[in-house]
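Visitor: Could you take me through the aromatic ring pairs, one part at a time and in some detail?

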Amino acid sequence: MGRYVARRLLQMIPVFLGTVTIIFFMTRMLPGDPAAAMWGDKAADPAQLAAFKHDRGLDLSKWQQYLHYMGDLFTGDFGKTLNGRPVIDVIGEALPVTIRLALLAFVFELVVGIGIGLFAGLRRGKAFDKATLVLTLLLISIPVPVLGFIFQNVFAIQLGWVTPTVQSSTNLGQLVLPAVVLGSISLAYVARLTRTSIAENLKADYMRTAVAKGLPKRKVIGTHLLRNSLIPVVTFLGTDLGALMGGAIVTEGIFNVQGVGHALYQAIGRNEGATVSGFVVVLVLVFLFASLLVDLLYAVLDPRIRYA
């Protein structure tokens with residue numbers, strides 16, 4: 001197992017470098033001059049503009065900027081925003097908010113999605129199963145902005161259970177509704193994957209053997225059926241954790257959550273390549289380590305899987 005983990009960590013290096021390189025050059029190829037944009041509608045003084053570009057390294061060629069950026073990156077320096085603020089400070093403010101939001105959404109889709117999928121799979125073809133298929137299809141079909149507007153209007157404006165927008169991003173209670181909206185579509189996929197996997201594994205030989213041996217129903221379902229059925233679900237959840245963090249831009253915009261999505265939207269609008277690249281670096285690391293964790297969980301769920 002240790003050798004496998006070491007090999008996977010080494011494989012992450014070229015993936016990380018390749019992704020960061022692509023994002024770096026894509027953000028530097030955006031139209032417009034970010035330095036000139038700092039002066040707004042006023043014409044920038046050529047001497048001041050040249051000094052500003054030199055201070056930010058924008059007067060260098062793209063490859064020179066890239067080499068400087070990669071060298072600084074491996075020392076923990078993510079660069080500076082156009083107004084001179086360290087990007088690491090911006091990430092330090094926004095990332096914890098999005099982590100809280102994404103974890104709430106993740107727990108919601110994990111618990112509710114697997115629970116609904118389990119009951120639907122055990123009752124395949126019955127009323128609960130059919131209702132699950134209809135409701136999950138409905139959730140998948142509704143765009144996130146529309147779903148956010150509906151939830152905001154019903155639970156905040158009409159029922160008054162929560163505030164329409166998040167007043168404090170450190171308050172977990174205020175993040176519940178945005179988390180439900182963020183995790184709803186993923187919940188639908190988790191429920192469908194669990195339901196299908198449960199229904200298929202019910203027909204497997206090992207299930208008939210476990211029942212024939214007279215094992216308690218709780219042990220048959222929890223130890224044998226659920227563990228084997230969760231393998232495709234864990235695969236989806238592993239990639240979805242990173243997707244929740246990166247895909248929170250719309251949800252954070254609807255509920256005024258000051259997280260990664262909000263900061264990225266502002267950085268893209270200001271054409272701040274260093275800020276965008278910094279957030280992407282963090283999200284890439286989340287995806288890579290989530291993928292590694294998923295592979296390790298396979299061996300926990302299925303003892304037949306062994307890594308050399």
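Guide: Gladly! A word on terms comes first: buried means under 20% relative accessible area, exposed means over 50%, and partly exposed is in between, with a 1.4 Å probe and protein chains only. This is a predicted model, where local features need pLDDT of at least 70, side-chain atom pairs count only at pLDDT 80 or more, and totals for chains, interfaces and linings use all residues. Residues are numbered from 1 along each chain as its sequence is written, and side-chain values use heavy atoms, with hydrogens and water left out.

Rings of Phe, Tyr and Trp (its six-membered ring) pair if their centres lie within 6.5 Å; planes under 30 degrees apart count as stacked, over 60 as edge-to-face and the rest as tilted. The structure has 9 aromatic pairs. In one of them, F24 and Y69 have ring centres 5.4 Å apart and planes at 35°, so this pair is tilted. It joins distant parts of the chain, since F24 sits in helix α1 (residues 2-28) and Y69 in helix α4 (residues 62-73), 45 residues apart. Helices here are DSSP runs (H or I, at least four residues), numbered from the N terminus. F24 is buried at 1% relative accessibility, and Y69 is buried too, at 7%.

Now to another pair: the rings of F151 and F155 have centres 5.4 Å apart and planes at 55°, so they are tilted. Both residues belong to helix α7 (residues 144-158), 4 residues apart, or about one turn of the helix. F151 counts as buried at 17%, whereas F155 is partly exposed at 25%.

Back with F24 and Y69, ring pairs link them with F25, W63 and Y66 into a cluster.

Note on methods. Helix = DSSP H or I, 4+ residues; strand = E, 2+ residues; numbered from the N terminus.
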